[in-house]
Amino acid sequence: METLESELTCPICLELFEDPLLLPCAHSLCFSCAHRILVSSCSSSESIEPIAAFQCPTCRYVISLNHRGLEGLKRNVTLQNIIDRFQKASLSGPNSPSESRRERTYRKSPAMSSERIACQFCEQDPPRDAVKTCITCEVSYCDRCLRATHPNKKPFTSHRLVEPVPDTHFRGLTCLEHENEKQTLETNLTNLVKRNSELENQMAKLIQICQQVEVNTAMHEAKLMEECDELMEIIRQRKQVIAVKIKETKVMKLRKLAQQVANCRQCLERSTVLINQAEHILKENDHARFLQTARNVAERVAMATASSQVLIPDINFNDAFENFALDFSREKKLLEGLDYLTAPNPPSVREELCTASHDTITVHWISEDEFSVSSYELQYTIFTGQANFISLYNSMDSWMIVPNIKQNHYTVHGLQSGTRYIFLVKAINQAGSRNSEPARLKTNSQPFKLDPKMAHKKLKLSNDGLQMEKDESSLKKSHTPERFSGTGCYGAAGNIFIDSGCHYWEVMVGSSTWYAIGIAYKSAPKNEWIGKNSSSWVFSRCSSNFVVRHNNKEMLVDVHPQMKRLGILLDYDNNALSFYDPASSLHLHTFSIAFILPVCPTFTLWNKSLMILSGLPAPDFIDYPEQQECNCRPQESPYVSGMKACH
């Protein structure tokens, strides 16, 4: 053991190697001893450059270091393992190899055992004996001063405390270049311990899955044996049933054939007797006697010859089982195809075949495994613009489900108008289910027409209720409370009131240069321009100026003067009214409105004509509900107070 211990001893500290480095010359050296060699070289050198080489203490071979320093040298893992086994084999004791180097150093060092280390922080004279030395502070403390200066909280928790040492020993214990290595090691060690814990958890889960695989395999093997035994039992029972049928058929056929054989035998016997009688008469030489008996026999022979076809039995060759065949080809194919049932392939939504109205969507889909699908399930929800579909799908509370669909299409009723929906189709059988890719479909807007009962007397409406024009001569309409009235208030409204959903319509403004288009509550005044009160919101053109107006406040909007079509998106549920230039795919303005009552599409016209296009799906360029940047200029129009003069 002593010879082995000498081979495991460091040539510098004369102790068992601790964290040995494998030098290029094949000798080994403790990491801490190599570090002290570098530190001593740094202290004796006047240069501030890091030491890039040192000599092996055994063979004086020059060891060159790279930018990583000692970390660039390999650890002698094999030697360390031998030392660990040697320490375990040694008896424990004060001089055993398992004793830590620091304990041996402080116990053996005469300087540390005999020299009294005084507290360097005490104010009393003489100072108390130190109990710890802080390598970070480079100060020795007594117990009282240590508690006062190093509380158990940051930043003092990172300070390095050792047994008391004199100032002359600080040089070998501290290194400014690597003073943070302990903290880094502790951090890395913590991360490694955490990673090991995660790996252990992962391994435990894998072991659990392996166990589950074993259980499931045994379960499926037992189920396979049970199913096959059941099939074989069915075949055995059918074999018995068919065998009984064959035997019964055999008995029936043989009984019938035996009767036919008996009939043939009887006919043959009668014919034989008649033949013998006829042959006997033909041998009669007495003519008188021949004539006396021949006539009777001749009549009987003639009758027997005439009825010979009747006497011959009807023989059916099918009675020989020639048409009694067993055909198990279909069953054999089914048995050869026995296998585990797998979940069907995901179906595909045929968006080009899907149709929509303002409150319904008919979804069509196809499936490659149509014959293996027992049913379909349709899932849908309102598309909120959420980019992460997985998160959207996980929030299943908002999804509607239609189960047990047998055909490849389904019509969903009661949807919101002008709203985008996400649809999924799930193909299901006993083995499981698979979802289609999500499909985005949208309903059309609620269609409407102009209400003739609300139109101003000087507005002429078309028969289909979709067009209005200024007509000064049209004065035959009777006055009603709901009709627009008043000087210059040439208004009309749609025949619907909207209190939910999302709706889009367009107005063909044509060559008109004076109009106002928007929405209003039913209670909005009918004797003043829409947008002049708190109950209406409009987009308006006054000659060459385009404005948005509400509650008698206006903002200018940058619009191309040749715009011939205006798009209106009313999102009642999200409290928004937006205007668009659909020809240029531009967003013009959005009102944020806290709706409290149903609203009605409203129009005012001062020249030319307008045409309504309702019941439209929202265009694809509208990224609903996220609105694009508007073209409004948030300042008051210079002609707010002079609007009346414009009209």
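Predicted model: local features only at pLDDT ≥ 70, side-chain atom pairs only at ≥ 80, totals over all residues.

User: How many helices and strands are in the protein?
Analyst: There are 13 helices and 31 strands.

User: And what share of the residues is buried?
Analyst: Buried residues come to 34% of the 647 in the protein. The accessible surface is about 40300 Å², and carbon and sulfur atoms hold 54% of that.

User: What about contacts, how much do residues 24 or more positions apart account for?
Analyst: They make up 64% of the contacts with a separation of 6 or more.

User: Let's go to the surface. Which residues form a nonpolar patch there?
Analyst: Leu231, Ile234, Ile235, Leu335 and Leu338 do, with about 420 Å² of accessible area together.

User: Which helix gives the most to the patch?
Analyst: Helix H8, which covers residues 181-282, with 3 residues.

User: And where does Leu335 lie?
Analyst: Leu335 is in helix H11, residues 329-336. Leu335 is partly exposed, with a relative accessible area of 41%. A patch residue needs over 30%, so Leu335 at 41% clears that cut-off.

User: Changing topic: how many salt bridges does a search of the whole structure find?
Analyst: It finds 12 salt bridges. One of them joins the side chains of Glu377 and Lys426, at 3.7 Å from N to O.

User: Where do Glu377 and Lys426 lie?
Analyst: Glu377 lies in strand E12 (residues 375-382) and Lys426 in strand E15 (residues 420-429), so this pair ties together parts that are 49 residues apart in sequence.

User: Are those two buried or exposed?
Analyst: Glu377 and Lys426 are both buried. There's also a salt bridge between the side chains of Arg549 and Glu554, at 2.9 Å from N to O. Arg549 and Glu554 are buried too.

User: On to sheets. In what order do E1, E2 and E5 come in their open sheet?
Analyst: The order is E2-E1-E5, with antiparallel pairing. The edge strands are E2 (28-30) and E5 (74-75), each of which pairs on one side only.

User: What holds paired strands of a sheet to each other?
Analyst: In general, backbone hydrogen bonds do, in either a parallel or an antiparallel arrangement.

User: OK, and how many bridges join E1 to E5?
Analyst: 2 bridges join strand E1 (residues 20-22) to E5. In E5, Lys74 is the bridge partner of Leu22.

User: What about strand E26, how many of its residues are buried?
Analyst: In E26 (residues 565-571), 6 of the 7 residues are buried, so the strand is largely enclosed by the rest of the structure.

User: Which strands does E26 pair with?
Analyst: Strand E21 (residues 502-508) pairs with E26 in the antiparallel sense over 7 bridges. E26 is also joined to strand E27 (residues 576-581) by 5 bridges, again running antiparallel.

User: Which residues are the bridge partners of Gly567?
Analyst: Gly567 is the bridge partner of Glu506, and in E27 the partner of Gly567 is Tyr580.

User: And what sits between E26 and E27 in their hairpin?
Analyst: There are 4 residues between the strands, and in this hairpin Asn575 takes a positive phi near 60°.

User: Last topic, cysteines. How many disulfides does the structure hold?
Analyst: It holds 0 disulfides. Cys59, for instance, is in none, and the nearest cysteine sulfur is that of Cys25, 3.7 Å away. A disulfide would need the sulfur atoms within 2.5 Å.

User: Is Cys59 buried or partly exposed?
Analyst: Cys59 is partly exposed, with a relative accessible area of 36%.

Conventions: Residues numbered from 1 in each chain as written. Heavy atoms only, no water. Patch = residues over 30% accessible without salt bridge, like charges linked within 9 Å, V, L, I, M, F, W, Y side chains within 5 Å. Areas by Shrake-Rupley, 256 points an atom, 1.4 Å probe, with all protein chains shown as cover. Salt bridge = Lys/Arg side-chain N within 4 Å of Asp/Glu carboxyl O. Buried < 20%, exposed > 50% of the residue type's maximum accessible area, 1.4 Å probe, protein only. Pairing = 2+ DSSP bridges. Contact = heavy atoms within 4.5 Å.
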